[in-house]
Amino acid sequence: MIDALYISATGLRSQQEQIDAISNNVANMQTPGFKKSRVSFAEIAHAGVLESTSHAMHGVGGGARVQATLPVFSEGEIRPTRNATDLAIDGAGFFELENALGERVYTRAGQFRVDADGYLVSVGGLRLAQGIRIPQDAAELRISDTGEITAKLGNDAERTELGVLELAGFASPDALQAIGENNFVPTDASGAASFGRAGDPGFGRLQQGYLEMANVDLIDEMTSLVMAQRAYQLNARVLQASDQVLETINNLRR
């Protein structure tokens with residue numbers, strides 16, 4: 001009976017993490033470039049492991065635990081914004097950003113702006129790792145689907161190339177580690193970043209004036225939430241029933 005208490009407690013903790021992940025997905029369903037996460041469960045092996053019967057040997061589980069919470073990199077809806085510095089990736093690539101410590105992080109969120117020094121930065125203020133700078137007198141900024149950035153400078157009639165935006169890719173993007181603010185860092189499982197121009201195979205093409213929205217489907221999340229809540233309730237009932245049985249046993253001994 002003590003095992004039943006422990007097993008139901010592991011179920012409650014696991015389902016709570018599932019509900020937390022779903023809540024975070026729903027909270028960010030309007031966040032550009034957000035990637036939903038999914039919780040994976042694993043069975044806990046019981047200390048006694050095997051129990052013999054007259055017919056067979058069978059294992060006894062020890063409950064459930066959260067094995068991993070991983071991002072899902074399916075593409076979100078691409079919506080027009082008409083903002084010249086908004087970029088969407090139609091494909092599997094990532095934007096490479098540089099944080100204040102000089103470390104490289106990666107994102108699908110293409111909502112950029114020009115900072116006080118003229119650099120293209122993310123909403124969180126992280127510069128594109130390539131350090132692309134837009135002069136103050138630049139007009140008619142244009143970013144092609146293959147990453148060439150051009151603009152008219154001053155009174156020039158001809159366009160000037162300001163740089164080429166490269167994209168990053170990973171062998172196993174699902175193994176990237178989320179660090180918040182729609183940014184990710186590589187892990188041993190994801191492999192190191194590889195780089196290529198937009199339009200190269202495996203990197204996708206850029207769309208200026210568009211944003212990729214979150215890949216959260218509200219109906220899917222609500223369905224998962226109902227199932228998680230139901231599982232949580234069932235585990236709570238097992239915990240309550242086990243407690244009642246233990247109380248009955250204790251009363252019989254008096």
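A: A contact means heavy atoms within 4.5 Å. Among contacts in the protein between residues at least 6 apart in sequence, 61% join residues at least 24 apart. This is a predicted model, in which local features need pLDDT of at least 70 and side-chain atom pairs count only at pLDDT 80 or more, while totals for chains, interfaces and linings use all residues. Residues are numbered from 1 along each chain as its sequence is written, and side-chain values use heavy atoms, with hydrogens and water left out.

The protein has two helices and 18 strands; these are DSSP runs numbered from the N terminus, helices being H or I with at least four residues and strands E with at least two. Its C-alpha trace spans about 95 × 30 × 30 Å along the principal axes.

The part to look at is helix 1, residues 2-27. The expected span of a helix is 1.5 Å times one less than its number of residues. For the 26 residues of helix 1 that gives 38 Å, and the end C-alpha atoms are 38 Å apart, which agrees.

Which residues of helix 1 are buried? Buried means under 20% relative accessible area, exposed over 50%, and partly exposed in between, with a 1.4 Å probe and protein chains only. The buried residues in helix 1 include Ser8, Leu12, Gln15, Ile19, Ile22 and Asn25. In the whole protein, buried residues make up 37% of the 254 residues.

At the other end of the numbering, an unreviewed UniProt entry annotates residues 207-252 as "domain: Flagellar basal-body/hook protein C-terminal"; UniProt positions follow the numbering used here, feature names are shortened, and annotations may be inferred rather than shown by experiment. That stretch is 76% helix and 11% strand, with end C-alpha atoms 74 Å apart.
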